Amino acid sequence: LELAIPSARLLTANNEIEIPAWRVQLGLFVAKGSLQATMQQALSWSGELALTSSALREGLAQWGIAAPATRDPAVLGPLELKTQWRYALATLAAQPLSLVLDDTSLSGKLTVTLANQPLSEFELQGDRIQLERYLPPEDATSEPFVLPTAALRALQVRGTLGFDAATLEQTRMQRVRIGLLLDEQGAHAN
């Protein structure tokens, strides 16, 4: 673990905290950004975040998290996430949000409400994806990926995921849009 905060300012006249730059490294994950906090009538936080990993699969393994087995062992490689975020009144908003995983780029927004009924909403649009690369291996000896259903059922998630182009085996698709809903009844897609 490496943490660097070169400077921080406390502005007592305005009840503000400013951290113009910070950096954290946890194994293969590197996060950096800025942070501002305002303590007026209600506490609010905002800033920028950039998270990178040269190898997502190996980075997860460093922390004891087994990534799912995939047909293409090279996927879940380079990861880059960039966003501007704001937290106020029990709501975290990340917009604009850009994500690059392997050779797929996505952009959009994410909102997480942590009030009485937690809810996560997202809207992401990607350029292209080869879905078969992320499917489980075809050999019968591979361990299947098991979703943590108990933890997922506690979440309320809804949103849309779209791609300009997608391929699955020999099928080529354009302007793919998937609506997702995860609630106490399970996962639903349309």
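1. Strands β4 and β5 run antiparallel and are joined by 11 bridges. The two form a hairpin with 3 residues between them. Within this pairing, A31 stands opposite L51 in β5. The model described here is a predicted one.

2. β4, residues 29–39, also pairs with β3, residues 16–26; the two run antiparallel and 9 bridges join them. This is again a hairpin, with 2 residues between the strands, and G27 in the turn has a positive phi of about 60 degrees. R23 stands opposite K32 in β4.

3. Strand β5 covers residues 43–53 and contains S44. S44 has a relative accessible area of 10%, under the 20% limit, and therefore counts as buried. Leaving out residues up to four places away in sequence, S44 touches Q36, A37 and T38, and also R86, Y87 and A88.

4. For the chain as a whole, the secondary structure comes to 2 helices and 12 strands. Along the sequence the pattern is β-β-β-β-β-α-β-β-β-β-α-β-β-β. The chain has 190 residues, of which 28% count as buried. Its accessible surface comes to about 12500 Å², with 59% of that belonging to carbon and sulfur atoms. Among contacts with a separation of 6 or more, 43% are between residues 24 or more positions apart.

5. The largest nonpolar core has 19 residues, and those with the most contacts inside it are L56, L76, L79, L99, L101, L106 and L124. At least two residues of this core come from each of β6, β7, β9, β10 and β11. The largest share, 4 residues, is supplied by β7. A second, separate core has 6 residues, W22, V24, A31 and L35 among them.

6. L76, one of the residues with the most contacts inside the largest core, is in contact with A55, L56, R57, A67, P68, L101, D102 and Y134, neighbours within four places in sequence being left aside. A67 is in the loop between α1 (56–62) and β6 (79–88). Besides L76, A67 touches R57 and L60, again not counting residues up to four places away.

7. Side chains of opposite charge can pair when their charged atoms come close. R9 forms a salt bridge with E18, where the closest N and O atoms are 2.9 Å apart. R9 counts as partly exposed at 43% relative accessibility, and E18 counts as partly exposed at 22%.

8. Another salt bridge joins the side chains of R133 and D72, at 2.7 Å from N to O. This pair links distant parts of the chain, 61 residues apart: R133 is in the loop between β9 and α2 (149–153), and D72 is in the loop between α1 and β6. R133 has a relative accessible area of 17%, which means that it falls under the 20% limit and is buried.

9. The side chains of E121 and R158 meet in a salt bridge of 2.8 Å, N to O. E121 lies in strand β9 and R158 in strand β10, so the bridge ties together parts that are 37 residues apart in sequence. Both residues are partly exposed, E121 at 30% relative accessibility and R158 with a relative accessible area of 40%.

Technical notes. Residues are numbered from 1 along each chain as its sequence is written. This is a predicted model: local features need pLDDT of at least 70, side-chain atom pairs count only at pLDDT 80 or more; totals for chains, interfaces and linings use all residues. Side-chain values use heavy atoms; hydrogens and water are left out. Buried means under 20% relative accessible area, exposed over 50%, partly exposed in between (1.4 Å probe, protein chains only). Contact means heavy atoms within 4.5 Å. Accessible areas come from the Shrake-Rupley method with a 1.4 Å probe; for residues, only the protein chains shown count as cover. Two strands pair if DSSP finds at least two bridges between them. A nonpolar core is a set of buried Ala, Val, Leu, Ile, Met, Phe, Trp, Tyr and Cys residues joined through side-chain atoms within 4.5 Å. A salt bridge is a side-chain nitrogen of Lys or Arg within 4 Å of a carboxyl oxygen of Asp or Glu.
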